[in-house]
Amino acid sequence: MPTLETRKRDKHFGQWFRQILIGAEILDYRYPIKGSGVWLPYGHKIRRHVIQLLRDLHDTTGHYEVQFPIMVTETNLRKEATHVKDFENEVFWITHGGLKPLKIKYALRPTSETAIYPMLKLWIRSHADLPKKLYQIGSVFRCETKTTRPIIRVREVTTFKEAHTSHATLHETEGQIQEAIQIYRNFFDSCSLPYLISRRPNWDKFPGALYSISFDVIMPDGRTLQIGTIHNLGQNFSKAFDIQYETLKGSHEYIWQTCYGISERGIGALLSIHGDDNGIVLVPSLAPIQIVVIPILHKEDQSQIIEESDRVAEKLVNSGFRVEIDKREDLTPGAKFFYWDLRGVPIRLEIGPKDLQKDQVIIVRRDTLKKEACKTKTLSSQLSKKLEQITIELREKAWKWMKSKIYRVNSLEEASKLMKKRAGVIELIWCGSDKCGHELEMRINASLLGIPADIKEMVKGKCIICNRKAAKIVRMAIAY
Ligand code: ZN
């Protein structure tokens, strides 16, 4: 029976996170390659639900799933100059086939633009081929030199959903960016996760993009985690890869492109933000097991209680719930509660001798740990309501928590103080110049997340650095 040595999520977040990954059998990061881990059966099921959610959201909005090779030729990787410059230091190279050196090296894709776009050149001929919206889910590789952290900073990102869209005009890409933002909002809403949407500063945009929009979340330790990115690529890549289409009038134009990605960091956020000192807390729609039935066994009545528990579990399975019954004889009820709490099963049902007499079961919610009795007759409908309630309340609680971690500040001293404490996100007035932006990052010792893309607010004030009139709010944080 695994135990949680450090149960304080907020105080020792890093340790807590590593513990729950192994304790709840989600991911084993003791694989002998730095920054790589093994998805365990329970974690893999969570991952499958998350992937399915992403698939559904893309399939229903006109995206088509494809699967590209993991290897990219060096020639193609180097085609877009700014792109390769940024990734070059992090690329894993394949240099040999057997014992012979390869004539052209292959890179393990750090992201897939340079794998996908040479093929788009073959597929896109005329305006009738546009728009084209493709996505794939697979691994990408980065030779991270910073300290790796399971799920959060890894060398093999095992669950990378990337979408790549091609359009006839810049105007259409703007529309696509809005659609992508909405898809990601829907995704994180379904995960009951809160988020901040910011337009990244120029120096932090995706290499080769006109601009980048990011989704960030505040983690329990006060640092922010980038959990989704959306980029308008303009024509930078289509020019590098010579992807042209024939217009209605018969002329030839370069296509306009966007791309956007979400990785397993979303799962990391899911586990961390809803979790507590007892383990993870899963959103019912993503939970491998939604309800666990635990017969409370005493010396007498054992067979009756087991029979009743089986009956209840079977009925719930037939009603469409994902149910498990824990009949292990070598564990006390307390040990079983610990076990399932750690794994974040949204609802636990306890059935003991008294409940049998009263024709009831005890419902315990994982998120609140509150208990209440429920008549067996109305159990199915009660549980549907409860699961719905859990989803809504997890979302409300997470949003409320995140909002409490955002501070408006008017001075550099205040900003530094909050960042030193890792208090969360600070918002301050900035003139928008790169120079002041860099100075802000240096003086406050934090990263500039960017200008809010999720709130429309006109402010009147002065840039906290240069004192010039400014109307922009900017977000800053200690970022992962
Ligand atoms: Zn300024």
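Residues are numbered from 1 along each chain as its sequence is written, and side-chain values use heavy atoms, with hydrogens and water left out. Because the model is predicted, local features need pLDDT of at least 70 and side-chain atom pairs count only at pLDDT 80 or more, while totals for chains, interfaces and linings use all residues.

Helices (H or I, at least four residues) and strands (E, at least two) are DSSP runs, numbered from the N terminus. Two strands are said to pair if DSSP finds at least two bridges between them. On this basis an open sheet is formed by 11 strands, in the order β3-β7-β8-β14-β11-β10-β9-β22-β25-β21-β20, with mixed pairing. Its edge strands are β3 (64-65) and β20 (406-408), each of which pairs on one side only. Within the sheet, β9 (residues 196-199) and β22 (residues 447-452) pair in the antiparallel sense over two bridges. In this pair of strands, R199 stands opposite I451 in β22.

The accessible areas come from the Shrake-Rupley method with a 1.4 Å probe, and for residues only the protein chains shown count as cover. I46, located in helix α2 (residues 41-59), has a relative accessibility of 0% and therefore counts as buried. Its C-alpha atom is separated by 6.0 Å from that of L286, although I46 and L286 are 240 residues apart along the chain.

Several backbone features occur in loops. L130 and P131 are joined by a cis peptide bond, with omega at about -10 degrees. P131 belongs to the loop between α5 (113-123) and β7 (132-141). E25, a residue other than glycine, has a positive phi, near 55 degrees. E25 is placed in the loop between α1 (13-23) and β1, and its relative accessible area of 35% makes it partly exposed. R422 is not a glycine either, yet its phi is positive, at about 50 degrees. The loop between α13 (412-420) and β21 (425-430) holds R422, which counts as partly exposed at 39% relative accessibility.

Side chains of opposite charge can pair when their charged atoms come close. A salt bridge is defined here as a side-chain nitrogen of Lys or Arg within 4 Å of a carboxyl oxygen of Asp or Glu. A search of the whole structure finds 28 salt bridges. One of them joins K336 and D326, whose closest N and O atoms are 3.8 Å apart. K336 lies in helix α10 (residues 333-342) and D326 in the loop between β16 (323-325) and α10, so this pair ties together parts that are 10 residues apart in sequence. K336 and D326 are both buried.

E427 takes part in two of the salt bridges described here. With R408, the N to O distance is 2.9 Å. This pair links distant parts of the chain, since R408 is in strand β20 and E427 is in strand β21, 19 residues apart. R408 counts as partly exposed at 41% relative accessibility, whereas E427 counts as buried at 6%. With R475, the closest N and O atoms are 3.1 Å apart. R475 lies in strand β25 (residues 472-477) and E427 in strand β21, so the pair ties together parts that are 48 residues apart in sequence. R475 is buried, with a relative accessible area of 2%.

Surface patches are made of residues with over 30% relative accessible area and no salt bridge; like charges are joined within 9 Å, and nonpolar side chains (Val, Leu, Ile, Met, Phe, Trp, Tyr) within 5 Å. Lys and Arg count as positive and Asp and Glu as negative, while His and the chain ends are not counted. The place of a charge is taken as NZ of Lys, CZ of Arg, CG of Asp or CD of Glu. K354, K358, K375 and K377 form a positive patch. K377 is found in the loop between β19 (371-375) and α12 (379-403) and is exposed, with a relative accessible area of 77%. A nonpolar patch consists of Y31, I33 and V38, which together have about 270 Å² of accessible area. Y31 lies in the loop between β1 (27-28) and β2 (38-39) and is partly exposed, at 44% relative accessible area.

Note on methods. Buried means under 20% relative accessible area, exposed over 50%, partly exposed in between (1.4 Å probe, protein chains only).
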